[in-house]
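Have the sequence and the 3D view open as you read.

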2 protein chains.
Amino acid sequence: MKHKGIPDETIRRLPVYLRGLIFLQEGGQDRISSSKLGDFVGVQSWQIRKDFSYFGEFGVRGVGYEIKKLIDGIKEILKLNKVQNAALVGAGNLGSAILSYPGFELYGFNVTMAFDNNAKKIGKKIKSIEIMDVSKLDILKKKNVRLGIIAVPRSEAQEIANALVKAGVKGILNFSPCYIMVPKKVKVMTIDIAGYLARMPYYTLNG
Amino acid sequence: MKHKGIPDETIRRLPVYLRGLIFLQEGGQDRISSSKLGDFVGVQSWQIRKDFSYFGEFGVRGVGYEIKKLIDGIKEILKLNKVQNAALVGAGNLGSAILSYPGFELYGFNVTMAFDNNAKKIGKKIKSIEIMDVSKLDILKKKNVRLGIIAVPRSEAQEIANALVKAGVKGILNFSPCYIMVPKKVKVMTIDIAGYLARMPYYTLNG
DNA sequence: CTATGTGAATTTATTCACAGCA
DNA sequence: TGCTGTGAATAAATTCACATAG
């Protein structure tokens, strides 16, 4: 299930490296050193070397890393090689933005389905994706969708999560500002947007 | 500048506690134990007690915590007592959603200004906020706005950050998927939405 | 000479176990 | 008795320093 002994923080940084490397590759580059990559993505060079070292030897001493090899390696570690579909629940302002968000593609994700409980929205399309009734979430099982994205009001988040789990979802990306309880086999990651902002004054207001 | 010896992880959890406590208070409750609060927000009870203990004695042994006292205490620690204004740059899909996001208010934030470089958007309003030309960012200095939110394409993020810093901003919440370089005195927090999703398969695809 | 890879040292954060107090 | 507060133990992550290899 989880590579043993690999720090979660290392896993957190891998998508950052991957994004940077893909960008560099698109720029025509095919080799890079840990310190150049570090400058580019905002991580110290020894941190990068340490992170890669958990998975074997990716580089060549005295030379650096071959970008293609690193990209392939990180994709394999993160299991990003096959395109995966995700379903969005909650087609409000934030949900609609997520549905149109161009950044998922880079990592091989497609948000292919959307659900809402608002009769006025059901049947409408956003970016060619038809919004379906949230009571039809079970269809995810048939469509083999294993990732759910929650962007509903806090008061509805837990029941949506329950429905997603029942529909066979293995991972939930939760934008609702609340704790969500799920069976241990399901992975929840919560992005608490306001929570980030709430920490700002602590770090910026001196005194 | 920063309380010394306080783990950053403790600071990260404080907004979570605060949100839960406000919710409980609105429900008419005025006292709670660390384990009940922990169940509610998804944190272990000892972790909560430890976190609070860094700032003195908030509770009463054998009894629990007075919710109002905790709320006031956390707000003071995080410096959330005075309402703060923030400015958004980038009024695309994600930016518009952020402008309408109802979750900031809880912590005392107002997104009061918005900027874009698209002539078609400038002058239009979203939620009664007029979108201004990004070249007018300097106005933040006059308006005493000290927080900036970046929701522009990656290619523009760094120059927008530079302009925000020049306009006197002390903290930047960055939704663009890239590293941003700023002077040390400025705090940047990046929310890499796709990066979260990119870690999902690692945790959910067994084998 | 350059840049990786990695044990060891250090720092940071979590977890425990129980003393202390209403 | 019940629940907080905290020193001590453990675990996790970062940082260093340098051996190693092209």
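Contact here means heavy atoms within 4.5 Å. By that rule, 58 residues of chain B touch 59 residues of chain A. Before going further, some housekeeping: this is a predicted model, where local features need pLDDT of at least 70 and side-chain atom pairs count only at pLDDT 80 or more, while totals for chains, interfaces and linings use all residues. Residues are numbered from 1 along each chain as its sequence is written, chains are lettered from A and ligands numbered from 1 in the order in which they are written, and side-chain values use heavy atoms, with hydrogens and water left out.

**Where the chains meet**

The size of an interface is often given as the accessible area lost when the parts come together. Buried area is the accessible area (1.4 Å probe) that two parts lose on being put together, summed over both. For chain B and chain A that comes to about 6100 Å², with carbon and sulfur atoms giving 71% of it. On the chain B side, Leu197(B), Tyr202(B) and Tyr203(B) lose the most area to chain A, together 14% of what that side buries.

What about charges? A salt bridge is a side-chain nitrogen of Lys or Arg within 4 Å of a carboxyl oxygen of Asp or Glu, and the rule finds 2 of them across this interface. In a salt bridge between the chains, Asp192(B) meets Arg19(A) at 2.4 Å, N to O. Polar contacts are pairs of N or O atoms within 3.5 Å; within protein, one must be able to donate a hydrogen and the other to accept it, and residues adjacent in sequence count only if both atoms are side-chain atoms. Between chain B and chain A, 11 residue pairs are in polar contact, both residues at pLDDT 80 or more.

Helices (H or I, at least four residues) and strands (E, at least two) are DSSP runs, numbered from the N terminus. Elements giving two or more residues to the chain B side include helix 1 (8-26), helix 4 (67-78) and helix 8 (193-204) of chain B. Helix 8 of chain B gives the largest share, 12 residues. That side divides into 35 nonpolar, 12 polar and 11 charged residues. In this scheme Ala, Val, Leu, Ile, Met, Phe, Trp, Tyr, Cys and Pro count as nonpolar, Asp, Glu, Lys and Arg as charged, and the others, Gly among them, as polar.

A residue is near a strand if one of its heavy atoms lies within 4 Å of it. DNA strand C has 25 residues around it, and Ser34(A), Gly59(A), Gly62(A), Tyr65(A) and Arg13(B) come nearest. Sugar and phosphate account for 64% of the atoms of DNA strand C within 4 Å of the protein. The surface near DNA strand C has 8 nonpolar, 7 polar and 10 charged residues, and helix 3 of chain B gives the largest share, 4 residues.

DNA strand D is surrounded by 24 residues, the closest being Arg13(A), Trp46(A), Ser34(B), Gly59(B) and Tyr65(B). For DNA strand D, sugar and phosphate make up 65% of the atoms that come within 4 Å of the protein. By class, its surroundings hold 8 nonpolar, 7 polar and 9 charged residues.

| Residue atom | DNA atom | Distance |
|---|---|---|
| Arg61(A), side chain | DNA strand C, sugar or linking oxygen | 3.1 Å |
| Asp8(B), backbone | DNA strand C, phosphate oxygen | 3.4 Å |
| Arg13(B), side chain | DNA strand C, phosphate oxygen | 2.8 Å |
| Arg13(A), side chain | DNA strand D, phosphate oxygen | 2.8 Å |
| Arg61(A), side chain | DNA strand D, base oxygen | 2.8 Å |
| Gly59(B), backbone | DNA strand D, phosphate oxygen | 2.7 Å |

**Sheets in chain A**

Two strands pair if DSSP finds at least two bridges between them. Chain A has an open sheet of 7 strands in the order 6-7-5-4-8-9-10, with mixed pairing. Strand 6 (125-126) and strand 10 (187-190) of chain A each have a single partner strand, so one side of each is left without a neighbour in the sheet. Strand 4 (residues 84-89) and strand 8 (residues 147-150) of chain A run parallel, joined by 4 bridges; Val89(A) has Ile150(A) as its bridge partner in strand 8.

Chain A also has an open sheet of 3 strands, order 1-3-2, with antiparallel pairing. Strand 1 (31-32) and strand 2 of chain A are its edge strands, each pairing on one side only. Strand 1 and strand 3 of chain A share 2 bridges, and Ile32(A) has Tyr65(A) as its bridge partner in strand 3.
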